Amino acid sequence: MPRLFGIAGIQMSVVPWEAAATVDKMEAAAAQVHENFPWVKMLVYPELVASGAAQFVRASSPEPWRECAQSIPGPI
């Protein structure tokens, strides 16, 4: 008998230029998926979502880009 493996793709907006707030939002989305779809075992987010980098919200200076940069491997 095959084992099923549920995967959910998450579409969400970031909190522009705020990585910590965006990660909190990701956690809330994960909790909501877990509550509504308990068979889901893996969540897939867009690749840049955790950094809070907002492609369509212009940064007031280059500083937000520097702040969201992470070393690899890094904390995010």
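Colleague: Let's begin with E47: is it buried or exposed?

Modeller: Keep in mind that this is a predicted model. E47 is found in the loop between β2 and α2 (63-68). Its relative accessible area is 78%, and anything over 50% counts as exposed. So the word for E47 is exposed.

Colleague: And how far apart are the C-alpha atoms of E47 and A28?

Modeller: Along the chain, E47 and A28 are 19 residues apart.

Colleague: What about W17, buried or exposed?

Modeller: W17 lies in the loop between β1 and α1. Its phi is near 65°, a positive value in a residue other than glycine. The cut-off for buried is under 20% relative accessible area, and W17 comes in at 18%, so W17 is buried.

Colleague: On to the helix. What span should α1 have, and what do its end C-alpha atoms give?

Modeller: Helix α1 covers residues 19-36, which is 18 residues.

Colleague: Which residues of α1 are buried, and within what arc do they fall?

Modeller: The buried ones in α1 are T22, M26, A29 and V33. An α-helix has 3.6 residues a turn, so residues three or four places apart point the same way. Looking down the axis of α1, the buried residues line one face of the helix, because they fall within an arc of 60°.

Colleague: Then which residues are exposed on the other side of α1, and what covers the buried ones?

Modeller: Exposed on the other side of α1 are A20, E27, H34 and E35. As for the buried residues of α1, what covers them includes β1 (6-9) and β2 (40-44).

Colleague: Which residues does V40 touch, leaving aside its neighbours within four places in sequence?

Modeller: V40 sits in strand β2 and counts as buried, at 17% relative accessibility. V40 and I7 are 33 residues apart in sequence, yet their C-alpha atoms are 5.5 Å apart. With those sequence neighbours set aside, the contacts of V40 are G6, I7, A8 and V33.

Colleague: Last one: which residues are closest to the centre of the largest pocket?

Modeller: The largest pocket has a volume of about 190 Å³. Its lining is made up of 13 residues: ten nonpolar, two polar and one charged. Closest to the centre of this pocket are M12, S13, V14, A53 and Q55.

Terms used: Residues are numbered from 1 along each chain as its sequence is written. This is a predicted model: local features need pLDDT of at least 70, side-chain atom pairs count only at pLDDT 80 or more; totals for chains, interfaces and linings use all residues. Side-chain values use heavy atoms; hydrogens and water are left out. On a 1 Å grid over the protein atoms alone, a cavity is a set of points where a 1.4 Å probe fits but cannot get out, and a pocket is an open set with protein on both sides within 12 Å along at least five of seven lines; lining residues have an atom within 4 Å of a point. Grid points are joined across faces, edges and corners, and a volume is the space filled by probe spheres set on the points. Ala, Val, Leu, Ile, Met, Phe, Trp, Tyr, Cys and Pro count as nonpolar, Asp, Glu, Lys and Arg as charged, and the others, Gly among them, as polar. Helices (H or I, at least four residues) and strands (E, at least two) are DSSP runs, numbered from the N terminus. The expected span of a helix is 1.5 Å times one less than its number of residues. Buried means under 20% relative accessible area, exposed over 50%, partly exposed in between (1.4 Å probe, protein chains only). The arc is that of the directions from the helix axis to the C-beta atoms. Contact means heavy atoms within 4.5 Å.
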